[in-house]
Amino acid sequence: MKWRGRERSSNVQDLRGQRGGGGLGGGFGQGQRGGFRIPMGGGGGGGKGGISGLIGIVVVLGIIWFATGQNPLDMLAGGSGAGSNFAPSASSSRQLPAEGEDELADFVAVVVRETEDLWNAEFAKIGEDYPEPNVVLFTNAVSTGCGAADSSVGPFYCPADSKVYIDLSFYDELHRKFGAPGDFAQAYVLAHEVGHHVQNLTGVLPQFNQRRASMSQEQANAYSVRVELQADCYAGVWANHAGQQNLLEGGDIDEALNAANQIGDDTLQKRMQGFAVPKTFNHGTSAQRKDWFQRGYETGDPGACDTFTGNV
């Protein structure tokens, strides 16, 4: 990806190396913008767009349940089991190092800026503002609006405070443990999490908070797959935008597709426990994740990311 020398986002908070009193957050973001005409499923209330009761999940990889024993859906609802109770507060952030002093932080800030350009334009098309999310860099543990979390949860989006959180050491894990190297694989992770922010703004995640109590675990997992695949599709839409900005290099899309393949529920479960249990899938199979990223990339249209109609 040709990212060097591009403008960095001003919405990146740097908490790396800090320690401090944690405490658990609570509640849930209610930033619903029903006028955004992106397919979200039929029926139900939830704003002018007729958004149905759907489910979102905070992490990109779906590895939490298998690596830590924690159900990742609990964190989305503001549960307290998100990890360490001793973590730095996001209110004590500092500015990023000067450009050129920290290559990985520069990369993240550039990718975030490019997602801002895309989604500001998409929201403007329907006469809406796009409240840009903050992206928080942390080390080991962090206190969020969704609870205290540590690095084992992987990158995640918290709808309660509209922030994406990432310990940058995860990118080494992505390469070394999950077999997904390359800077565009890393960009895909960020674009997917920003996709969850879009879903929060359009009402998908707030609707889940309202309806999860009436869902069985299996039903919640099934809806989660559809939401995660939509976030993958949104990441593909961003990849299309990156191509229009002449940022793509040879092999970039293959890197993203390989990452999507390596972090499919079936692939992860087989790697971690030797077999797959489809009723526990909450992000989608490798084939599904690749297909929906590809659909977003080929169309460049968020409206093509309708994972809620028919089979996925």
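This is a predicted model: local features need pLDDT of at least 70, side-chain atom pairs count only at pLDDT 80 or more; totals for chains, interfaces and linings use all residues.

Guide: Residues are numbered from 1 along each chain as its sequence is written, and side-chain values use heavy atoms, with hydrogens and water left out.

Visitor: How many aromatic pairs does a search of the whole structure find?

Guide: The search finds 7 aromatic pairs, where rings of Phe, Tyr and Trp (its six-membered ring) pair if their centres lie within 6.5 Å, and planes under 30 degrees apart count as stacked, over 60 as edge-to-face and the rest as tilted.

Visitor: Why is the pair of Phe184 and Trp238 called stacked?

Guide: The ring centres of Phe184 and Trp238 are 5.5 Å apart and the planes stand at 20°, so the pair is stacked. This pair links distant parts of the chain, with Phe184 in helix α5 and Trp238 in helix α7, 54 residues apart; here helices (H or I, at least four residues) and strands (E, at least two) are DSSP runs, numbered from the N terminus. Both Phe184 and Trp238 are buried, a word that means under 20% relative accessible area, with exposed being over 50% and partly exposed in between (1.4 Å probe, protein chains only).

Visitor: What makes the pair of Tyr188 and Phe293 edge-to-face?

Guide: For Tyr188 and Phe293 the centres lie 5.6 Å apart and the planes are at 85°, so this pair is edge-to-face. Because Tyr188 belongs to helix α5 and Phe293 to helix α10, the pair ties together parts that are 105 residues apart in sequence. Tyr188 is buried, and Phe293 is buried too.

Visitor: How do you know that Cys146 and Cys158 form a disulfide?

Guide: The sulfur atoms of Cys146 and Cys158 are 2.2 Å apart, and a disulfide is a pair of cysteine sulfur atoms within 2.5 Å. The link of Cys146 and Cys158 is right-handed, with 100° about the S-S bond. Cys146 lies in the loop between β3 (141-144) and β4 (147-150) and Cys158 in strand β5 (residues 156-158), so the pair ties together parts 12 residues apart in sequence.

Visitor: Why is the disulfide of Cys233 and Cys305 called left-handed?

Guide: The torsion about the S-S bond of Cys233 and Cys305 is about -75°, so that disulfide is left-handed. It joins Cys233 in helix α7 to Cys305 in the segment after α10, and therefore ties together parts that are 72 residues apart in sequence. The sulfur atoms of Cys233 and Cys305 are 2.1 Å apart, and the structure holds 2 disulfides.

Visitor: Why does Ser224 count as buried?

Guide: Ser224 has 0% relative accessibility, so it counts as buried. Ser224 lies in helix α7, and its C-alpha is 9.4 Å from that of Phe208, although Ser224 and Phe208 are 16 residues apart in sequence.

Visitor: Which elements are included in what covers the buried residues of α8?

Guide: The cover includes α5 (183-202), α7 (217-244), α9 (265-273) and α10 (286-299), with contact meaning heavy atoms within 4.5 Å. Helix α8 spans residues 252-262, and its buried residues include Ile253, Leu257 and Gln262.
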